[in-house]
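Please look over the structure shown here, and then read the notes that follow, which are grouped by topic.

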Amino acid sequence: MIRGCGLFVFLAFNSIAYSQNVSILGTVVDKATGEAIPYANVFINQTTIGTSTNDAGHFKLEVPTGKLELAVSHVGYEFSIQTLIVDKSLDLEPIQLSPDNTQLDEVVVQSKEDRNWERNLRTFEKIVLGEYALSRQARIVNPWVLEFEDQGKETLVTATLPLQVSNDYLGYDIKLFLKRSALNAMGYEIFASVYFSEKTPTSPQDSYRWAANRLTAYTRSSRYLFKSIIDKQISGKGFKLYTDNPGGNQANTYLEGTDNFRRAYGSSIIDCDTIGMFSKSGSGTWTIAINGRMEVHYQKSRSVIRAYEDIGFPVSWLAVRGAFVTVDESGVPLNPQNLITSGDMNSNWLVRLLPSDYSPPENPSIKFGNWDIEALRERFYVHCDKPHYVKGETIWYKVYVDLAKQSLRDSLSRVLYVDLISPLSDIMVSQSLPINNEFAYGEMVIPDSLETGNYFLRTYTNLSLNFEEDGIYYKSIPIVNIEDKLAAKQPFRKPPDSGVLIAAGKDSYAPREKITLNFKTSDSQQNAVAAHLSVSVVDEKQVSPIMSEDIIECFQMAEQSTVIPSELKFPIENGIALHGTVEDKKGRGKQAVVTLVDWQTKQMYQFETEADGSFDISGLDFFGSRAFVFEARDRKNRPLDHVTLIPRKAPPIVLPKAELYFQTIKTNVPQRMLNTYKLTEGTRILNEVIIEDGRIDMPKFRSTYGRPDRVLEEKDINKSYPSIIYSLYKIIPEGRVLRTGNLSVLNQADMLVTINDVPLAGDPTSTLSMIDPNTVERVEVTTRLNVLYGSQAVAGVIAVYLKQGSDIAYEPKESATTSIVRGFTPVNRFTSPDYSVSSDDLGSDFRSTVYWNSEVITDPITGRGSVTFYAADLETTYRVVVEGINTGNAPVRAEYTLNINRP
């Protein structure tokens with residue numbers, strides 16, 4: 001049985017009356033010197049409204065009117081907070097920050113061997129994050145800033161720097177400016193100012209999940225209860241209110257008594273009288289009377305933790321010192337220091353804490369479930385250069401991706417999986433391709449060792465696996481022997497053209513003559529429209545035309561999937577994904593921080609595993625195979641030498657029953673002619689890439705990105721420290737990198753680190769911690785947006801310049817693990833001879849695929865486009881197949897024939 005336990009929460013929160021926005025202008029200065037303080041954090045307490053001062057210490061905030069608390073912080077200065085009554089735009093007097101002379105002395109990391117500190121940390125984490133599954137979706141990023149002082153009956157809690165919490169449940173990064181707080185046997189008292197910043201979603205899945213979780217947190221909060229009370233909608237919103245029976249035995253219901261609510265109701269618990277419960281106390285404010293202890297049942301949700309054995313919904317308890325709580329029109333308490341909560345409303349309180357400027361949807365009953373997941377559906381169609389193949393040939397193909405919601409095209413899957421599957425349901429070839437703008441391009445060589453039969457190309461993404469068979473596409477790929485002749489079971493019928501017209505300059509061409517094909521694409525109203533096409537030209541004498549599916553019948557998805565999952569078991573992948581686990585020497589999974597180094601590029605990444613040591617990361621972008629080095633350390637910074645990558649598990653194979661519209665006739669004559677032609681001189685299949693290596697020495701204090709804002713010279717670098725992080729706090733503005741003991745704390749805006757003007761990927765902390773101070777000539781910092789590096793440098797650049805002959809290198813330790821990871825499958829460019837030059841002595845040209853082009857784009861105004869290629873040597877008929885989609889996402893298709901005859 002779970003009961004309220006009198007936990008006290010004191011938070012200095014502000015109130016916002018939601019109305020028009022006004023401006024607050026101000027300047028932050030040093031109280032001792034009067035000099036402006038650049039890059040100071042300025043925010044409205046317990047909101048997402050914040051900014052930082054510019055180089056001159058000025059700031060501007062757009063805020064709603066009402067009673068606000070304006071907070072200002074900067075490393076090395078005391079935290080400042082002031083109350084403002086805002087009814088119009090304000091130009092404030094300079095805000096003076098007093099230097100914090102004890103700041104540097106307080107920046108000390110607690111010893112990892114201090115068991116009392118670790119025990120207090122675990123207690124603190126349980127209080128602010130909770131003990132249940134929900135708590136695992138948030139974490140304290142910098143616990144080392146906490147200090148605990150045992151006072152006998154209670155433990156005092158302070159923090160040397162803002163406590164940072166990453167809340168992936170609601171999608172916020174939170175800063176708590178912790179004041180002197182206390183833990184005791186009866187509960188806790190926490191005093192803090194809070195600043196929220198929105199996390200950037202990595203996928204629509206994040207946006208939907210955060211929106212749903214925020215709504216859930218809101219409807220189970222005291223704010224929603226108070227809003228329901230002043231709107232006179234307590235019952236309609238799902239609340240039932242009770243109070244203790246003055247004549248009953250509260251012990252029987254609160255701490256010692258029955259687990260059954262029905263037995264307690266009427267004796268020790270009675271209905272709460274809500275008549276006259278609230279009254280208007282001012283402009284936009286209400287006073288709510290709560291006498292004694294009020295028990296709150298929220299009947300529109302379910303709770304895993306049960307307060308009563310016969311009730312499955314959340315139960316909370318509320319009490320107010322002084323018997324009155326004052327709230328604004330949105331239900332936000334104006335005197336939260338007097339509010340005492342326990343039970344559901346107090347569990348996981350920091351994980352479920354919303355900023356006061358959170359606005360719930362107008363209809364809180366909006367569904368964030370199947371509707372949203374269905375909008376993430378993806379469907380595929382594959383256009384191949386031929387309808388059937390001979391062993392040893394190359395399949396050239398293009399994959400078209402259709403989306404249930406086109407507006408999400410830039411946020412869904414970036415990785416496509418393609419398998420060649422045998423008639424016996426074995427995977428013979430497997431590839432991974434990048435998806436760009438709803439297209440993927442592939443090239444697959446058919447192994448000579450394969451048996452003949454009806455094979456299949458299977459395409460899917462990790463996201464599409466959530467929709468089971470609706471999310472996997474199979475295309476029939478017949479593979480025959482070179483001596484097999486195909487005979488159609490019925491006459492070939494060309495599908496009708498749709499949305500594209502094909503025309504050539506003439507009906508007949510000579511071998512090796514230049515051929516130009518012109519296209520015109522249009523919509524259903526015959527208006528010119530741009531289209532993205534793939535063009536295949538094959539020799540019908542070698543490639544028999546057979547019936548097969550086309551883009552018109554297969555591309556666009558049904559209005560609704562037959563399979564709609566209740567949750568996304570398979571997440572969206574925005575790059576090559578790695579799955580694995582970290583274990584100790586006894587084979588037990590361990591939570592760890594893992595540093596990942598690309599051995600070829602020396603790019604570094606850092607991530608944290610789950611509590612059981614498992615990890616899933618996505619977003620790597622490379623072709624071919626790469627060696628990666630993994631180094632894992634536990635929370636006590638001890639190395640863990642067992643990092644294991646788990647191979648991606650392919651989905652089950654369920655082959656469709658594909659009808660073959662042909663039969664094979666064995667002959668002793670090859671049905672494909674062998675080419676002996678040679679590429680003309682100067683022709684390259686791949687563009688030439690020249691990679692050079694060497695150090696470029698830069699003149700002192702002359703950066704490629706302009707004049708730096710701040711410079712750390714060699715004489716200011718403490719060489720006794722193991723890395724340069726310890727010296728960087730002198731020049732790094734708060735909110736970018738903060739020095740705390742032997743670690744670097746990164747805020748939500750990470751700066752780009754460059755070494756000798758070469759940008760390095762990954763976490764700046766791990767990058768900087770690898771640099772030996774003895775090798776550094778200087779460090780330059782710029783905090784403005786740098787156009788040279790684009791979005792990588794949105795928060796500024798930390799440019800490290802090494803001494804002559806120095807270089808940064810990652811030397812794997814004994815605890816490191818090296819693994820080979822397969823990236824995207826490289827794809828060559830289809831090539832064919834150019835007979836515009838002399839064609840003498842080029843050999844015979846018997847191409848079966850005469851031309852393949854997967855990226856033909858027609859003009860958006862005229863709808864016109866064209867391609868040019870040269871005929872091969874055989875007298876034959878060419879079959880041209882053009883497929884694609886137009887800008888209206890409608891499939892288009894057409895066929896055309898060309899005759900090749902000798903003059």
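Ser267 is located in the loop that runs between helix H6 (261-264) and strand E18 (269-271), where helices (H or I, at least four residues) and strands (E, at least two) are DSSP runs numbered from the N terminus. The model is predicted, so that local features need pLDDT of at least 70 and side-chain atom pairs count only at pLDDT 80 or more, while totals for chains, interfaces and linings use all residues. Residues are numbered from 1 along each chain as its sequence is written, and side-chain values use heavy atoms, with hydrogens and water left out.

**Ser267**
- Ser267 counts as partly exposed because its relative accessibility is 39%, given that buried means under 20% relative accessible area, exposed over 50% and partly exposed in between (1.4 Å probe, protein chains only).
- Between the C-alpha atoms of Ser267 and Pro246, which are 21 residues apart along the chain, the separation is 9.6 Å.

**Aromatic rings**
- The structure holds 28 aromatic pairs, meaning rings of Phe, Tyr and Trp (its six-membered ring) with centres within 6.5 Å, counted as stacked when the planes are under 30 degrees apart, edge-to-face when over 60 and tilted for the rest.
- Phe43 and Phe79 form a tilted pair, because their ring centres are 6.5 Å apart and their planes lie at 35°.
- Phe43 is buried, at 1% relative accessible area, whereas Phe79 is partly exposed, at 29% relative accessibility.
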